[in-house]
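Biologist: Hi, I've just opened this one. Could you walk me through it?

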Amino acid sequence: MREKQGLWERLVYYWQDRNFLKLLKHLESLVSKLLSIAMIMVIFVTLFELISYLIHNLFTPPFGRFSDTLFSIFGLFLNVLIALEILENITAYLRKHVVQVELVIVTSLIAMARKIIIFDLEQKQALDLIALASAVLALSASYWVVRYVNRRQAP
């Protein structure tokens with residue numbers, strides 16, 4: 001009976017607004033740290049994939065396939081860069097507990113650049129390219145607005 005009363009008291013304690021928000025903040029921090037660890041693993045796996053792709057396509061016969069695989073190599077490099085940017089977003093969130101919109105937009109722009117670089121004109125339609133261009137234009141305008149607002153608010 002005493003255990004039920006102790007459990008009930010703890011539930012009432014954590015249900016109070018201040019304590020509940022403190023608990024949420026701890027959970028949020030824990031999830032962010034787990035995301036950071038997972039993103040580090042993704043970065044190493046992506047880096048390993050890039051290195052093995054480079055070794056396989058550049059240093060094994062037939063040689064001279066470099067021009068054929070150049071866009072794939074750029075895509076893999078940008079995958080690593082995007083993963084690093086996502087890790088930077090998570091790290092910035094852990095530091096300030098605020099999502100930095102400018103970093104998120106930059107990461108999105110890098111992802112769009114990757115899509116454009118590996119875009120295959122033979123398999124895609126013109127409408128796909130127009131959609132990518134529209135997305136890049138919207139992200140660029142968003143970046144400009146956020147950057148302009150941040151500069152004006154800086155002391």
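Biologist: What span should helix α2 have, and what is the distance between its end C-alpha atoms?
Modeller: At 1.5 Å a residue, the 42 residues of α2 (residues 17–58) should span 62 Å, and the end C-alpha atoms are 60 Å apart, so the two agree. The expected span is 1.5 Å times one less than the number of residues. Helices here are DSSP runs of H or I with at least four residues, numbered from the N terminus.

Biologist: Before I go on, what kind of model is this?
Modeller: It is a predicted model, where local features need pLDDT of at least 70 and side-chain atom pairs count only at pLDDT 80 or more, while totals for chains, interfaces and linings use all residues. Residues are numbered from 1 along each chain as its sequence is written, and side-chain values use heavy atoms, with hydrogens and water left out.

Biologist: Thanks! Which residues of α2 are buried?
Modeller: Among them are N19, S29, S32, M39, I43 and L50. Buried means under 20% relative accessible area, exposed over 50%, and partly exposed in between, with a 1.4 Å probe and protein chains only.

Biologist: Switching to N89: where does it lie, and is it buried or exposed?
Modeller: N89 lies in helix α3, residues 66–96. Its relative accessible area is 18%, so N89 is buried.

Biologist: What does the N89 side chain make a polar contact with?
Modeller: With the side chain of T107, at 3.2 Å. A polar contact is a pair of N or O atoms within 3.5 Å; within protein, one must be able to donate a hydrogen and the other to accept it, and residues adjacent in sequence count only if both atoms are side-chain atoms. Leaving aside neighbours within four places in sequence, N89 is in contact (heavy atoms within 4.5 Å) with L103, V104 and T107.

Biologist: Nice. Which residues make up the largest nonpolar core?
Modeller: Six residues: I105, M112, F119, L132, L139 and V146. Such a core is a set of buried Ala, Val, Leu, Ile, Met, Phe, Trp, Tyr and Cys residues joined through side-chain atoms within 4.5 Å.

Biologist: Which elements give two or more residues to this core?
Modeller: α4 (101–117) and α5 (126–153), with α5 providing the largest share, three residues.

Biologist: Last one: how many aromatic pairs does a search of the whole structure find?
Modeller: One. The rings of W144 and Y148 have centres 5.4 Å apart and planes at 10°, so they are stacked. Rings of Phe, Tyr and Trp (its six-membered ring) pair if their centres lie within 6.5 Å; planes under 30 degrees apart count as stacked, over 60 as edge-to-face and the rest as tilted.
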